[in-house]
Amino acid sequence: MNLMNLMQLKEAWTVFKNNHPKFPLFLHAVSNSALKEESVVEIHVTSPEGKSLTTNLKLKASDLEFIEQLKSSLR
């Protein structure tokens with residue numbers, strides 16, 4: 001990842017945090033207690049039309065390493 005992309009990502013994260021101030025707090029709480037190998041992460045999205053999509057994944061050690069890399073990139 002080049003420096004310009006990283007700067008754009010940090011700016012986008014700042015806008016996202018301003019738009020959704022409780023979500024980073026949730027992520028922090030989750031990362032402190034629930035993000036462990038074998039934890040299941042579920043994502044549910046409902047469109048404005050009411051269509052629902054749900055998926056889940058069981059975290060592996062490599063997923064946790066990736067998440068740590070993301071966290072350090074956005075600090």
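Helices here are DSSP runs (H or I) of at least four residues, numbered from the N terminus. The model is predicted. Helix α3 covers residues 61-73. K71 and E68 both lie in helix α3, and because they are three residues apart, about one helical turn separates them.

K71 forms a salt bridge with E68. The closest N and O atoms of K71 and E68 are 3.0 Å apart. K71 is partly exposed, with a relative accessible area of 29%. E68 is also partly exposed, at 41%.

## A salt bridge across the chain

How many salt bridges does a search of the whole structure find? It finds two. One of them joins K58 to E38, with the closest N and O atoms 3.7 Å apart. This pair links distant parts of the chain, its partners being 20 residues apart. K58 sits in strand β2 (residues 52-58). E38 sits in the loop between α2 and β1 (40-46).

## Aromatic pairs

A search of the whole structure finds three aromatic pairs. One of them is W13 with F16: the ring centres are 5.7 Å apart and the planes meet at 15°, so the pair is stacked. Planes under 30 degrees apart count as stacked. Both residues lie in helix α1, three residues apart, or about one turn of the helix. W13 is partly exposed, with a relative accessible area of 22%. F16 is partly exposed too, at 33%.

F16 also pairs with F23. Here the ring centres are 5.8 Å apart and the planes are at 80°, so the pair is edge-to-face. The cut-off for edge-to-face is over 60 degrees. F23 counts as partly exposed, with 36% relative accessibility. W13, F16, F23 and F26 form one aromatic cluster.

## Nonpolar surface patch

Which residues form a nonpolar patch on the surface? They are F16, F23, F26 and L27. Together they have about 350 Å² of accessible area. Helix α2 (residues 22-33) gives the most to this patch, with three residues. F16 lies in helix α1 (residues 3-19).

Patch residues need over 30% relative accessible area. F16 has 33% relative accessibility, and F23 has 36%. F16, F23 and F26 belong to the patch, and they are also among the members of the aromatic cluster.

Methods:
Residues are numbered from 1 along each chain as its sequence is written. This is a predicted model: local features need pLDDT of at least 70, side-chain atom pairs count only at pLDDT 80 or more; totals for chains, interfaces and linings use all residues. Side-chain values use heavy atoms; hydrogens and water are left out. Patches are made of residues with over 30% relative accessible area and no salt bridge: like charges are joined within 9 Å, nonpolar side chains (Val, Leu, Ile, Met, Phe, Trp, Tyr) within 5 Å. Accessible areas come from the Shrake-Rupley method with a 1.4 Å probe; for residues, only the protein chains shown count as cover. A salt bridge is a side-chain nitrogen of Lys or Arg within 4 Å of a carboxyl oxygen of Asp or Glu. Helices (H or I, at least four residues) and strands (E, at least two) are DSSP runs, numbered from the N terminus. Buried means under 20% relative accessible area, exposed over 50%, partly exposed in between (1.4 Å probe, protein chains only). Rings of Phe, Tyr and Trp (its six-membered ring) pair if their centres lie within 6.5 Å; planes under 30 degrees apart count as stacked, over 60 as edge-to-face and the rest as tilted.
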